[in-house]
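Here are my notes on the model you sent. Please read them with the structure open.

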Amino acid sequence: MTVSTADNTPLSSDDTSQVKPLRYPVICIDGPSGAGKGTVTWRLAQALDYQLLDSGALYRIVGLKAFEAGLITADTNQTIDETAVLALTQSLEIAFVPNNKSGRVDILVNGEAVGEQVRNETVGGYASQIAVFPTVRQALLKLQQDMATRSGLVADGRDMGTVVFPDADVKVYLTASAEARAERRVTQLLNAGQTADFEAILTTIKARDERDENRTTAPSKPAEDALLLDSSTLDANTVYEQVKKHCQDQGICFNS
Ligand code: C5P
């Protein structure tokens, strides 16, 4: 598997030929879906001119491709063939391309745009099913770490501060109540002209939290040295300003 980034240089999991610079700053924003990590991460990356690692997208892509290959279904009680999911993971070429229009990162898999489909709740469920596999996580680990060897990095995920970048300069664990996150999702869907069932969304969110927080390998939890921030009653701008202040306190310089 390879992952390439905005400058289109592929990162290969077995490329050991390059001499790496000592260290670029790394900011980790971990926490559950819907807590506002994506917005903060994007704004920090823009303000600092750092690269952005949307690690959830990696797991979502593997989940989606595993579904398309018939390796998983929506049934969370099924037995999944970890070896087959690993082989699939290793066969993927992924590119992240920042999209200033949408304020998100476009994702290409084997040269093709995966589109917004990868962001939906169903694919989030597939992602969390394959994210329990240690071998799949291991296959994605070095690729994620390599993204910090070329420029400053803002990394969004569950285990950025605990496993992927334990020496990061800044660690934030951004959370919010499941109810607040479900309400945000409902608003998002209604604004997009879609229907939304609060109770169904809340149940899905709780099930995914439960799986992510209780898996054996790299469970979603705050690093010991992370700033804990609950965004349940905060707007996105307030969250950003608080995270920015914390970054500055940790020695990260913003131009504006
Ligand atoms: O953050 P996002 O909702 O896109 O993540 C989708 C799923 O991918 C999560 O529910 C989690 O199971 C998995 N994930 C993970 N580790 C990460 C990022 C995401 O296990 N660093």
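1. The shell around the ligand splits into three nonpolar, six polar and five charged residues. Here Ala, Val, Leu, Ile, Met, Phe, Trp, Tyr, Cys and Pro count as nonpolar, Asp, Glu, Lys and Arg as charged, and the others, Gly among them, as polar. The shell holds 14 residues, of which G56, Y59, S128, A131 and G157 come nearest. A residue is near a molecule if its C-beta atom, placed from the backbone, lies within 6 Å of it.

2. A word on the basis. This is a predicted model: local features need pLDDT of at least 70, side-chain atom pairs count only at pLDDT 80 or more, and totals for chains, interfaces and linings use all residues. Numbering starts from 1 along each chain as its sequence is written.

3. Which helix gives the largest share of the shell around the ligand? It is α2, with four residues. α2 (55-68), α4 (121-130) and α8 (198-214) each supply at least two. Helices (H or I, at least four residues) and strands (E, at least two) are DSSP runs, numbered from the N terminus.

4. Look next at α4. Seven of its ten residues are buried, so α4 is largely enclosed by the rest of the structure. Buried means that 20 or more other C-beta atoms lie within 10 Å of the residue's own; exposed means 12 or fewer, and partly exposed is in between, with C-beta atoms placed from the backbone. The buried residues are V123, G124, Y126, A127, S128, Q129 and I130. They pack against α2, α3, α5 (134-146) and α8.

5. Why does G124 count as buried? Because G124 has 21 C-beta neighbours inside 10 Å. G124 lies in helix α4. Leaving aside neighbours within four places in sequence, G124 is in contact with S33, R60 and R208. Contact means that the C-beta atoms of two residues, placed from the backbone, lie within 7 Å. R60 is 64 residues from G124 in sequence, yet the two are 6.0 Å apart in space, C-alpha to C-alpha.

6. α2 also meets helix α3 (residues 82-91). Their axes come within 10 Å and cross at roughly 115°. Axes are lines fitted to C-alpha atoms, for helices over the stretch in contact, and angles run from 0 to 180 degrees between N-to-C directions. V62, K65 and A66 in α2 meet V85, L88 and T89 in α3. That contact divides into four nonpolar residues, one polar and one charged.

7. Now the sheet. Five strands form an open sheet in the order β4-β8-β3-β9-β10, with parallel pairing. Two strands pair if DSSP finds at least two bridges between them. β4 (51-54) and β10 are the edge strands, each pairing on one side only. The twist averages 20° from one strand to the next.

8. Check both ends of the sheet. Four bridges join β4 to strand β8 (residues 153-157), and L53 stands opposite A155 in β8. Strand β9 (residues 170-175) and β10 pair over four bridges; V172 has L227 in β10 as its bridge partner. Strand β10 (residues 227-230) has L227 and L229 on a covered face, and L228 and D230 on an uncovered one.

9. Helices lie across the strands. α2 lies across β4 and β8, at about 50° to β8. Helix α9 (residues 236-249) lies across β3 (26-30), β9 and β10, at about 160° to β9.
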